[in-house]
Amino acid sequence: YFHASPELLARKGIEEELGLKVSKKKPKGKYSKRERSPPVVAPYVPKLKRTNKSLQERTVEIFDGMTLVELAKRTGEGIGVLQDVLINVGESIDSEFHPLSIDIAELIAMEVGASVKRIHVSEGKEILPRPPVVTVMGHVDHGKTSLLDSLRQTSVAANEAGGITQHLGAFVVSMQSGASITFLDTPGHAAFSAMRARGAAVTDIVVLVVAADDGVMPQTLEAISHAKAANVPIVVAVNKCDKPAANSERVKLQLASEGLLLEDMGGDIQVVEVSALKKTGLDNLEEALLLQAEVMNLKARVDGPAQAYVVEARLHKGRGPLATAIVKAGTLVSGQHVVVGSEWGRIRAIRDVVGNLAERATPAMPVEIEGLKGLPMAGDDIIVVQSEERARMLSAGRKKKFERDRLLKISNGRAEELEQSEEVPQRAEMPIIVKADVQGTVQAVTDALRSLNSPQVFVNVVHVGVGPICQSDVDLAQACGACIVGFNVKSPASYITMAATQAGIKILMHRVIYHLLEDIGNMIVEKAPGTFETQVAGEAEVLNIFEIKGKSKAKGGDVKIAGCRVIDGCVSKTATMRLLRSGEVVFEGPCASLKQEKHDVEKVGKGNECGLVLCNCDAFQIGDVIQCLEQVVRKPKFISSESGAVRIEC
């Protein structure tokens, strides 16, 4: 019976060994009806839908001339799926090994939900030396723009609101030696971190400006981290050396402690002492920059389609959307069709930094292009396409991908909020509409406002835009109850101001980031519901105890009265009382009676004597302390540091 089942063994009469009881059915007739067991209902298991979340998190690298097989391997999709997408975009190939253009490869990858990174070929028939792109970075008010003004013989710093730079500027400076250098001036305020990151991403050399009388500050450290992240060499310019409090040796020690290997200490980072005001040391700075550029042997492809990078974008009333860009490789020619981020257009005009028209733009040349259909984002890449149809198709695909990612991000955020809704208390919402002069400033102001989020108030930026405040902004603000922030834009027309006043909409106009953040911070503090806290309003010491005998049960039993003197603050009858003995809490509860000279009173001030009766407590002793507790609403605080960083402390 080694291979027998337990039921078979039971039928053999050895039920006792196995402990089984098998029912023996007797047939009712010749053809007994077989009893059927009810069908087993299996649980429904839905088919797992393939999500594109993994593709969105992973970036697919594409290049010109890649095949459909290579693209299928990188995206993880089948060749048949990619062929269907290829037919939908209006392209046909002979086989899956046919080379694709980089634009078609991007369209296919975006259609299946993948994020794309373009790999451009740097080789070309004509490769020539190019001027270096130098980004000036450092802490706010350390003299970056003044140093550039001394090099260019201009005064940009005088035109900036509040005397601090709040834009990303690109200039070409012709040095005395005949060489030209492209400079990028970045803001130093804490709110413009994204602008500094964009400046470091497109540059060849970073000039780190440190004031000799101030030393290394928070934005100096941030600039060092941006330069290291972009793998860009640093040249240190110690500014304001003409001041009496200047101490360049202290600055060098501080920089060395932050990990910068200076030349004076055996490293390779050059240090130049300059004075933007006295215009001293500028020749040494020029020599250091040209030496660093010569060591790097900077060359770029001149022939072929251009690759450019948007530094800043703004909206002009007469010329439409304008994009300030720096060409990285190739030549940008007027009349070409370009795709910038999710926008497209045909280049109508190219202007240099002075404003003169140019037919073409060569590598490392900052230019302003016009002719785009919409306003691009600062930091977008400019790519040249063959035709208007291809530009439209690529722009529509990018917009579709951007909207899909945005909706997915919102849905994921709502799911997380629902999971945490039981633990997180409800917050007041403060909707804001932001309008600024250029795209980079819009992004900086939006990021700075979102950094003011607190556990009590949620700053919701419902709409952003470039240009002056218009009637549609007022209508949107009225619909969602938002306030409008205008930064570095013209004052709205009188009829817009009147409409906003009638609708009860607040319009804040600012030109300096300090004042804007301070005003919004104060509004957040006012709107915050605050937290309830218990604090001691007064203290009274028990000097004597009086007892009143009760005459009947109807009028109550015996009552003990604590004769007290108020030693601090005031004692209120409506407040909660706490009885302390040797520092320990004996009782906490409401006050039944408070009298002063046989008169019922609501409050007793410091230095006065009173009689006090507590509800359900008569265990007084001479020397006890009775504290008067009251509930107060504690509002959050707006805190601004010396470096310009702001926060809301609850």
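User: Is Asp-624 buried or exposed?
Analyst: Asp-624 is buried, with a relative accessible area of 2%, where buried means under 20% relative accessible area with a 1.4 Å probe, counting protein chains only. This is a predicted model, in which local features need pLDDT of at least 70 and side-chain atom pairs count only at pLDDT 80 or more, while totals for chains, interfaces and linings use all residues. Residues are numbered from 1 along each chain as its sequence is written, and side-chain values use heavy atoms, with hydrogens and water left out.

User: What does the side chain of Asp-624 make a polar contact with?
Analyst: The partner is the side chain of Arg-581, at 2.9 Å; a polar contact is a pair of N or O atoms within 3.5 Å, one able to donate a hydrogen and the other to accept it, and residues adjacent in sequence count only if both atoms are side-chain atoms. Leaving out residues up to four places away in sequence, Asp-624 also touches others, including Val-542, Leu-579 and Ala-619, contact being heavy atoms within 4.5 Å.

User: Changing topic, which residues have pLDDT under 50?
Analyst: Among them are residues 44-53, with six contacts beyond four places in sequence, and residues 154-167, with 39 such contacts; pLDDT is the predictor's confidence in each residue, from 0 to 100. Where pLDDT is low, the predicted coordinates should not be read in detail.

User: And what does the chain average?
Analyst: The chain averages a pLDDT of 78, and 80% of the residues score at least 70.

Terms used: Buried means under 20% relative accessible area, exposed over 50%, partly exposed in between (1.4 Å probe, protein chains only).
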